[in-house]
Structure formats: C-alpha cells, structure tokens
Amino acid sequence: MSVDLKTLKTPGPTITALTKPFWDAAAEGRLTIQHCEDCGKAVFYPRPICPHCWSKRLVWKDASGRGRLKSFSEVYKPGHPGWLPAAPYVVGLIELAEGPTMLSFILAGTRPLQIGDMLLLAPTAIGGRVLPAFKPIEPGAEEKPQ
Amino acid sequence: MSRSKGAIVGIGELKPRRLTSGVTTLEMIAEVSRLAVLDAGLEPAAIDGLLVGPQVGETPQHVPATIAEYLGLAPTMANVVDLGGASGAGMVWRAAAAIEAGMCEAVLCVLGNNREEAAPRSPNRNPIREFDVPFGASGANISYALLMQAHMAAYGSTARDFAMIAAAARANAQLNRDAIFYSKPADVEAVLASPMIASPLHLLEIVMPVAGGEAVVVTSAQRARSLRRPPVHLLGAGEKVTHRAVSQAPSLTSGPLKSAMARAFQQSGTHADEMDLLSLYDCYTIMVATTIEDAGLCAPGQFGAWLGDRDLSHKGDKPLNTHGGQLGFGQPDLAGGMTHVVEAVRQLRGEAGERQIGKAGLALVTGNGATMSEATALVLGAA
C-alpha cells in the first residue's frame, strides 16, 4: 500500500445526532465511547440505550486508545471500489481496553501482525476525514495515545 | 423419536444462472412456486399460507401481498422471513408453527432472485454502514475472513483444512447437472492456488453469486398422508440470532447455530452422529468448519482432522452437501439457504438419482445469515 489514504474516494460515515460526538472526537484525533452510569459497562457503537441493561444514562468518555487485536484480514479485493487504490490493506477487530470490540483500519507495523497484538489508537486521514485507526505497539516502545 | 411437527410435501428449484436480463425477481418466484405446488399435487387454491423473503430494491414493502396477488393466492397467513441465509430453514419451522396455531393449512415457502449486471449499491443507513464501511470493511468476504483468521489462530487450523471443504463441495457438484460448477471440479491444490480475496480467504472458498429460486410446500403430517409425494417430516428445530456486525459477535469461533442445533437435536431426540445427511449452510468454508464443531461432530478446532478421516460424497460414511453445497451449486442470494432444505428432501424421499445416499432416514439442515449471526437448524426425517 503506497497510496496516500487521504486521497481515497471511500464512503464516509452516515452520522446522526446521536453518533455525532463519536465522529466529532474522531476528527480531533480522539476516540470517545459511551459508558453506562447504571451498569458501568462501556458501549460501542453508540446507542440511545445501554444494550446491557437498557438504561438511558449513557455518558461519553474518551477511551484509553489501547486495545487487543482479536482478528484481522489483509484485503486484496475490497467490497467498495473506493478502496481499490489502497489494496492490499488491513482491517481488524480491536477489543478495546474498556471492553467493547470495534472494527478499524490497521496501519502497518514493523513486524507481521498477529492476533493478540496490543494496539494503539492512531488517528489517520482516510478519504477526506480523520478516522480512529490503530497501529501495533512496537516491542519495547511505550507510547502514549496521541 | 419425536412426533412430526409438520411435513414438507413439495419442492421446486430453478437451475442457477450467473445473470438474468430483463427478468424480474417476481417472475422467478412465480416459476419456482409453480414447481413446488405441482410437485405437492395441490391446487393453487389450496395454498393458504405464504412465507417470502425480503425483496431489496424491487419490492421494498408489501412483499407478501405483492407475491400473493401475482400468484393469484389469498392466504390467511402471510409474512416476510428476513434471516439472511437462515431464511429458508426458518420458513419451514414457521410454516409448521403457523399450521399448528390454526392460521393456515398449506404453506408455500419461496425465495428467489434475479441478477442483473449492474446492481445498484445499497442505500443502507445502519450501524454496519456507519461503523464498518468507512474503515474499509464492505461486504461479507471480509467478515468471514476475520472469523477464519480467528479460528486459525485459536486452534492452529490450516489453509489446507479449509480448502478440503471447498474441494469436497466441488466434487459433489460433479453429480449435479444443475450446479454452476458442474464439469468444473477443483481439488485442494486448486483452491489454495486461487487468488487471495481477503486473507486468509481464497476465491474458491467463497460462493459464486447466481440468480435462482427455491420453494417448498409445508403442511400438517396428517394432511401429508393424503398427498402424492412421500412426506419429509420436521422432527426438531432450533433458532438463534445474536448480532449483525462481526465486531459485535459474542464469539468468533463458535456461532448461534450451536444452540440452534442443540435444540433441534433435543426436540427430535436425535444426535449429530445419527444424521445420514449433513446439509450444512456453506457460504464460505469457515462456516462449514464452525458448524461441524458446533454440532458436536468433533471437538472445537478439530474439523480438519475430522474431515480428513471421512468420505463426504453420497457414497461415503458422512455425506455432506450432496448437491454440491452452495460452494458447488452457486448461491442464489437468500434462496441459497433453501437449497440445503430442497436437497435434504430429495435425499430423504430417495429421489436424488445418481447421487442418492444409501441409508436416508435423518438429515440435519442448517441455515446461517449475516456474519454467523442468524441461525436456524432443522432435523428432517423420512416418512
């Protein structure tokens, strides 16, 4: 992958009033997710009620930006033509330190990716917007989320 | 064994095609419905129940009424079943339940689709569209690649283990003249040599999308006795729906089919090892692997060794997807799941011709929708 991700013509998110805080934070390089004040669990993706206890007392909190790689795929034939110039590229499932799992774009590290790798938030301009992508934490490095 | 919950008394199937031109989905549904009702030996007016699938694009709403009007039916029970690849199996159980509840007596369960060269992209607005697609994950291939990668990492399963499933499907398709891959076998080496689509998923581990149609007619066991065809009985069923997006799956290496199959076995008083035919939903090789393990046919992670020790052909000790599966037959969209029901009926009637299995008493049929999300299992028994 040598293409400039910024220039991709990829489909952007379909933002609603409810999900806007997530995408506003993403544009600023932050990852913010909902937390339930009743059952204490973190929630991803955003919802009007907690999927664990159906409470409406959900508040936004910035996530640590750390997570564990649950699975990944190197995509050679993208499902959307806007991604073709970037292929092959990697998407993965990240179990956030806060609990929920999200799918994201994974930036290349110095070593081949393995399930179980620890990842760090790496805000990246893709297709005209900043997305909360992730990158592997290199061995020995102790980086702070950006 | 448990009593019959209802009987499948008619089947219809259209030969799959890569493309249709100027043919509507509604037209294909009419053709295949006629085949199933003729096979049952019923007059059209006897059909008083109608179960159909969603018709994305062509008929977004009022689907049962549209199809009923088109077919000249006036059902007393009509519904859309929207369980993706589990819709076909899900229809059979719902049809039996509706008959038991007194809503109707004879249910037409029908799925079909045309396939045009340039289908419009979906105008979806849902969590997957908002939180998966912008990150580069569009379509089912990537989701199932993520499931496959997780299985390989958890258990050490290999690309070759998975390729065996695709090769077996292609081999079985050589005895089904209607299969899209009839006269096109592919061995394990060919599967492994096919292009990587989304690692670790190869092209030949993915179903070929086709146009087609499948239909069955379900009625009560009692009424089935008076009809012309040998009835195939629904002995047990189970269903579970756990999530939609792969990121929200409770597990990446086991799915909702596990509890759906357990319930189907429990209701029917049977066990996975007793099945004479495994008619397992196979959109991707990983789906068959997980289903074999979730059924309890082998320990988690052991599907490769299990498959390697078995003959999956109609002559074998463990016939699996004798019609070629969808990997060999082609996937006519939502009707793809119903191919597993239709083939099980053929085998249990003893009408599968040159691919007829020996003992044909019990069949396990599974349906799977979305990303290992929607699951229905049926245990079917011969008359």
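User: How are residues and chains labelled, and what limits apply?

Analyst: Residues are numbered from 1 along each chain as its sequence is written, while chains are lettered from A and ligands numbered from 1 in the order in which they are written. Because the model is predicted, local features need pLDDT of at least 70 and side-chain atom pairs count only at pLDDT 80 or more, whereas totals for chains, interfaces and linings use all residues.

User: What is the secondary structure of chain B?

Analyst: Helices (H or I, at least four residues) and strands (E, at least two) are DSSP runs, numbered from the N terminus. Chain B has 13 helices and eleven strands.

User: How many residues of chain B are buried?

Analyst: A residue is buried if 20 or more other C-beta atoms lie within 10 Å of its own, exposed if 12 or fewer, and partly exposed in between, with C-beta atoms placed from the backbone. In chain B, 60% of the 383 residues count as buried. The C-alpha trace of chain B spans about 55 × 45 × 40 Å along its principal axes.

User: Which strands pair with β7(A)?

Analyst: Two strands pair if DSSP finds at least two bridges between them. Strand β4 (residues 66-75) of chain A pairs with β7 (residues 118-121) of chain A in the antiparallel sense, over three bridges. There, Gly67(A) stands opposite Leu119(A). β7(A) also pairs in the antiparallel sense with β10 (residues 134-136) of chain A, over three bridges. Here Leu121(A) stands opposite Phe134(A).
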